[in-house]
Structures are given as C-alpha cells and as structure tokens.
Amino acid sequence: MAASTGGSGRQTLTEINVTPLVDVMLVLLIIFMVTAPLIQQGVDVNLPEARAKPVEAEEQKLVLSIKADKTLYLGTSEDAARVPFERLEEKLRANARAMKDKELYLHADKALPYGFVVDVMATVQRAGVLNVGMITNPAPQKVRERPEAR
C-alpha cells in the first residue's frame, strides 16, 4: 500500500543528491594534480660526476646536503632542515638515526672548495658518524669512435 501526500500528487524524494559531492571531489583532484609537481623534494645540489657502481639503498638514509653557498641541510632526501655549520656536530649527536646507524650520505656541490668539504667531513666524524658515503651523478658514457674504413 502506498502512502499518499494529499491530493497534489507530489512525493518527497528520499535519495541523496551526489552531484555536488562529485563536483567538489573533481575540484580537489584538479587542485592536487596542479600543486603536486610544484612541491620541491630534497635540496638542489649540483653534484660532481664520477664513474662508479651505483649503490643500492634499501631504506631512507640520513643525508647531509651542502649547497654552493655553503648552506647545510640535514635529513632524509624528502625532508631536510637547514643547519648552521657551527651547530652541525651538536645536531648530529642529537640525531637518533645518525647515532644508531653511524652512517651518513654527503651531497656536496661540485663548486665548493675542497677544504670546506673536508671541514664538514671532520665535523661529521667528531660527531661519531664513522661511515660517510659521497653521492655523485653518474658520468656520461663516452661513445667510442669507429675508425673509418679506407
């Protein structure tokens, strides 16, 4: 038996209108698609090139990045915080991952003076980090020229 709403013939709608929800979700999707590439990950460092076998890292390791203007950043490759050189040893000693692993990867810009990089490495060693890995870009492979047939 159907319920009657009187003589007008109109019945109340009991369904949820999902059109506004879909509109909002599409707008949010577009916003995330536009902003995701703009999020910078890591520190932009101009690394030197070297011919070496790539190291396979099984997990996120602690990275110390040094930019060309001698600013230091400590953290993982995704999130790094700026650290003054004077407080580097103190920050490393307070870092649980550095003290547990005794390992650090160094991203040093190729324009840095050699002496400054050595000072940073000595500070890292004084803090108790014994294994320092130097990160470089792979060198481009040179194509051998074939001798021309005469």
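Student: How many helices and strands does the secondary structure of the chain come to?
Tutor: This is a predicted model, in which local features need pLDDT of at least 70, side-chain atom pairs count only at pLDDT 80 or more, and totals for chains, interfaces and linings use all residues. Residues are numbered from 1 along each chain as its sequence is written, and side-chain values use heavy atoms, leaving out hydrogens and water. Helices (H or I, at least four residues) and strands (E, at least two) are DSSP runs, numbered from the N terminus. From that end the elements run α-β-β-β-β-α-α-β-α-β-β, which comes to four helices and seven strands.

Student: Is Thr 71 buried or exposed?
Tutor: Thr 71 is in the loop between β2 (63–66) and β3 (72–75). Buried means under 20% relative accessible area, exposed over 50%, and partly exposed in between (1.4 Å probe, protein chains only). Thr 71 has 8% relative accessibility, so Thr 71 counts as buried.

Student: Which residue's side chain makes a polar contact with the side chain of Thr 71?
Tutor: A polar contact is a pair of N or O atoms within 3.5 Å; within protein, one must be able to donate a hydrogen and the other to accept it, and residues adjacent in sequence count only if both atoms are side-chain atoms. At 2.8 Å, the partner of the Thr 71 side chain is that of Asp 69.

Student: Which residues does Thr 71 touch, not counting those up to four places away in sequence?
Tutor: Contact means heavy atoms within 4.5 Å. With residues up to four places away left out, Thr 71 touches Ser 65, Ile 66 and Arg 82.
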